[in-house]
Amino acid sequence: AEGCDLLFLPAASLIYSEGHCTFVEPGGPAAGLEGEYRPGHFRGVATVVTQLFNLVQPSLAVFGEKDAQQLAVIRQLVRDLHLPIEIIGHPTVREKDGLALSSRNEYLSAEERAAATVLNHALTEGNRLIDAGERAADAVRTAMRHLIEAEPLARLDYAEVVDGHTFRPIDLIAGHVVLPLAVRIGTTRLIDNIQLEVSD
């Protein structure tokens with residue numbers, strides 16, 4: 001129905017056979033943000049993606065930009081392990097009101113769903129400030145945080161301004177920059193980001 005020619009959907013027992021004890025431990029962009037809030041998450045990502053690449057041996061692979069830190073981890077993995085694979089980022093798909101599409105959105109009540117648009121509002125404000133010439137990362141962080149904290153149903157994990165390759169926080173906004181957010185709306189944790197190329 002989706003126009004897919006081939007679906008590879010192996011059982012967990014094939015990927016993680018009995019006695020499995022080898023893992024890929026990522027560094028660099030895996031260190032902070034999601035790496036801090038979800039310890040071990042990127043080790044699992046790096047391990048299963050490496051297994052997938054070895055099993056399928058693709059020439060290219062597409063990953064969504066909504067999980068920007070994960071995409072950075074995978075790009076670093078491919079570079080470091082000299083894998084002959086082109087990694088392509090797919091732009092985030094959004095609802096009409098700007099909320100990024102996610103399976104987690106299904107867990108939001110109607111009131112929470114309305115409140116969740118605060119993520120996009122915060123990113124839009126961060127982008128607006130940068131477009132207007134703001135180059136101090138702390139000013140952009142503060143503006144995004146204030147917007148999110150003003151929403152009663154939102155609990156902020158982080159609102160950051162990071163280097164788009166290393167995912168380390170920056171002081172001066174320049175080059176490839178990502179504004180990543182993680183926000184809890186009720187019991188549902190949502191992530192989102194925008195990626196920017198800042199030339200001056």
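Which helices and strands do the buried residues of H6 pack against? In this predicted model, local features need pLDDT of at least 70 and side-chain atom pairs count only at pLDDT 80 or more, while totals for chains, interfaces and linings use all residues. Residues are numbered from 1 along each chain as its sequence is written, and side-chain values use heavy atoms, with hydrogens and water left out.

The buried residues of H6 pack against helix H5 (110-115), H7, E3, E5 and E6. Helices (H or I, at least four residues) and strands (E, at least two) are DSSP runs numbered from the N terminus. Among the buried residues of H6 are Leu 119, Leu 123 and Ile 130; buried means under 20% relative accessible area, exposed over 50%, and partly exposed in between (1.4 Å probe, protein chains only). After H6 comes Gly 133, with a positive phi near 110 degrees.

The largest nonpolar core holds 29 residues, and those with the most contacts inside it include Val 140, Val 161 and Ile 185. Such a core is a set of buried Ala, Val, Leu, Ile, Met, Phe, Trp, Tyr and Cys residues joined through side-chain atoms within 4.5 Å. At least two residues of this core come from each of helix H6 (118-131), helix H7 (137-149), strand E3 (154-159), strand E5 (175-185) and strand E6 (188-198). H6 gives the most, with 6 residues. Apart from this core lies another, of 16 residues, including Phe 53 and Phe 63.

What about the outside? Leu 14 belongs to helix H1 (residues 12-15), and Leu 14 counts as exposed because its relative accessibility is 53%.

Conventions. Contact means heavy atoms within 4.5 Å.
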